[in-house]
Amino acid sequence: MYDLLIVGAGPYGLSIAAHAEARGLATRVFGRPMESWRDHMPRGMFLKSEPWASNLSAPGSRYRLDQYCGGRGLPAEHGNPIPIETFASYGLWFAEQAVPQLDERMVTRVDAAPTGFTVEAEDGQTLRCRAVALATGVLPYMRIPEALRPLSEEHVTHSSRHSDLSRFSGADVTVVGAGQAALETAALLAESQARVRIVARAPELAWNSVPPPWERPWWQTLRAPHSGLGCGWRNWFYAQRPGLFRRLPEHTRMSVAQSALGPAGAWWIRDRVAAGGIDIRMGRAVVDARLSAGRIRVRTAGPAVGTEDFETDHVIAATGFEASCARMTVLSPRLRGVLAQGVGGAPRVGRAFESSYPGLFLAGLVTAADFGPAMRFVHGASYTAPTLVAGVEGHLTRQQRGGGPEVPRGRRPVQGPVPARAEG
């Protein structure tokens, strides 16, 4: 029986594995390493985060991105965006160095067992473990506007579904959204000779400013310190103090989750968008979409512009991700059914990233409602990995002492004999 099975081999899963291995835990990681970065992002994209804020996490700050790039003669400098391909290759190198027990099979089911969990791989093999860390990234949580959901993937796709946008050369493509994914996708489409349109609810595009130099006068640093999420004390708090963020009142955390680090384009993509001849239509929401003679007839509406109709060949929804317990389908229904949820249906996690079910730990986007905006970015792995592994060690110690799980007051299992516990 394993101490810890990790579901997911992206930045969070690999970072958790590196810390667990260093602590001597019997660990195994399932998943294709860096799959979403290798197979679900178009060639030609860049990381929005700074190189120094894009490290996977290992004890002793080993296996950093700058170390990988330096050994290959690649730049990894402040203010110099890193290509997605370079970051994906870095993740594979990190896995080779720090994660020996990596199993590239996908996990199809995680279920509770009397002494821990059972984890079923895609070929039907079942393994047992005392704790599970679910680090499945963002792909299970793709958000597509309701008006577009009735159409098939032949006509509507999420931006994370594309590794090569050149197939749209000569086509009319509508991109929905105003964030980095939308703007960079639109720029790449235009550079691939597609006719591109952006539709977004925001009244105007927002752009991140050019980051100030790394070396600068002390008083400028004091006024607006660098952080993994950008300059300023607020961003520094989100990036460097997730544990304190979790102590904020729930309504404050929800307000931050809805408003902080909203849709905006990186400074280095602005000129490419301007040069692409892109039809930008702001202040509009897609309210209807239907097939018409092989094309898609889209209706948009906005308070200042009324309704507009147009036809397009394909719609790409660059509308982000929305975490919820309901979408954690790798968990058995009875296990999902007992997880404590916050506003919006996202799972609640305790101070060590343990869910309300003992031994089930969560990482990444699904923890942003409790630990803040950093969990939406690679940078959050630097806090998550050591904290979560310490939580796993605490769970294993409680098991060895024979302590039974505590059922939180006011909550009862809804399916089967599955206990639940809420960590303070």
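1. Is Asp-309 buried, exposed or partly exposed? With a relative accessibility of 32%, Asp-309 counts as partly exposed, where buried means under 20% relative accessible area, exposed over 50%, and partly exposed in between (1.4 Å probe, protein chains only). The side chain of Asp-309 meets that of Arg-297 in a salt bridge, at 3.9 Å from N to O; a salt bridge is a side-chain nitrogen of Lys or Arg within 4 Å of a carboxyl oxygen of Asp or Glu. Arg-297 is likewise partly exposed, at 36%.

2. On the basis of this note: the model is predicted, so that local features need pLDDT of at least 70 and side-chain atom pairs count only at pLDDT 80 or more, while totals for chains, interfaces and linings use all residues. Residues are numbered from 1 along each chain as its sequence is written, and side-chain values use heavy atoms, with hydrogens and water left out.

3. The largest nonpolar core has 108 residues. Such a core is a set of buried Ala, Val, Leu, Ile, Met, Phe, Trp, Tyr and Cys residues joined through side-chain atoms within 4.5 Å. The residues with the most contacts inside it are Ile-16, Phe-87, Phe-94, Val-110, Leu-189, Leu-331 and Leu-360. Helix H4 (residues 84–98) gives the most to this core, namely eight residues; helices (H or I, at least four residues) and strands (E, at least two) are DSSP runs, numbered from the N terminus. Apart from this core lies another, of 12 residues, which include Ala-147, Val-199, Phe-310 and Val-315.

4. Leu-331 deserves a separate entry. When neighbours within four places in sequence are left aside, Leu-331 is in contact (heavy atoms within 4.5 Å) with Val-110, Leu-134, Arg-336, Leu-339 and Leu-360. Among these partners, Val-110 and Leu-360 are also listed with the most contacts inside the largest core.

5. Helix H1 (residues 11–22) has 12 residues and reaches 17 Å from its first C-alpha to its last. This is close to the 16 Å expected at 1.5 Å a residue, the expected span being 1.5 Å times one less than the number of residues. Because 10 of its 12 residues are buried, H1 is largely enclosed by the rest of the structure. Among the buried residues are Tyr-12, Leu-14, Ile-16 and His-19. Just after H1, Gly-24 takes a positive phi of about 80 degrees.

6. Ala-266 lies in the loop between helix H9 (250–259) and helix H10 (270–275). Ala-266 is buried, with a relative accessible area of 3%. Its contacts beyond four places in sequence are Lys-48, Gln-180, Trp-207 and Asn-208. The C-alpha atoms of Ala-266 and Leu-183 are separated by 8.9 Å, although these residues are 83 residues apart along the chain.

7. The whole structure holds 28 salt bridges. In one of them, Arg-130 pairs with Asp-3, the closest N and O atoms being 3.3 Å apart. Arg-130 lies in strand E6 (residues 126–134) and Asp-3 in strand E1 (residues 2–7), so the pair ties together parts that are 127 residues apart in sequence. Arg-130 is partly exposed at 30%, whereas Asp-3 is buried at 16%.

8. Arg-348 and Asp-370 also meet in a salt bridge, at 3.0 Å from N to O. Arg-348 lies in the loop between helix H11 (333–337) and strand E15 (360–362) and Asp-370 in helix H12 (residues 368–371), so the pair ties together parts that are 22 residues apart in sequence. Asp-370 is buried, with a relative accessible area of 0%, whereas Arg-348 counts as partly exposed at 29%. Elsewhere, Asp-172, Arg-197, Asp-279, Arg-281, Arg-284 and Glu-308 are linked in a network of salt bridges.
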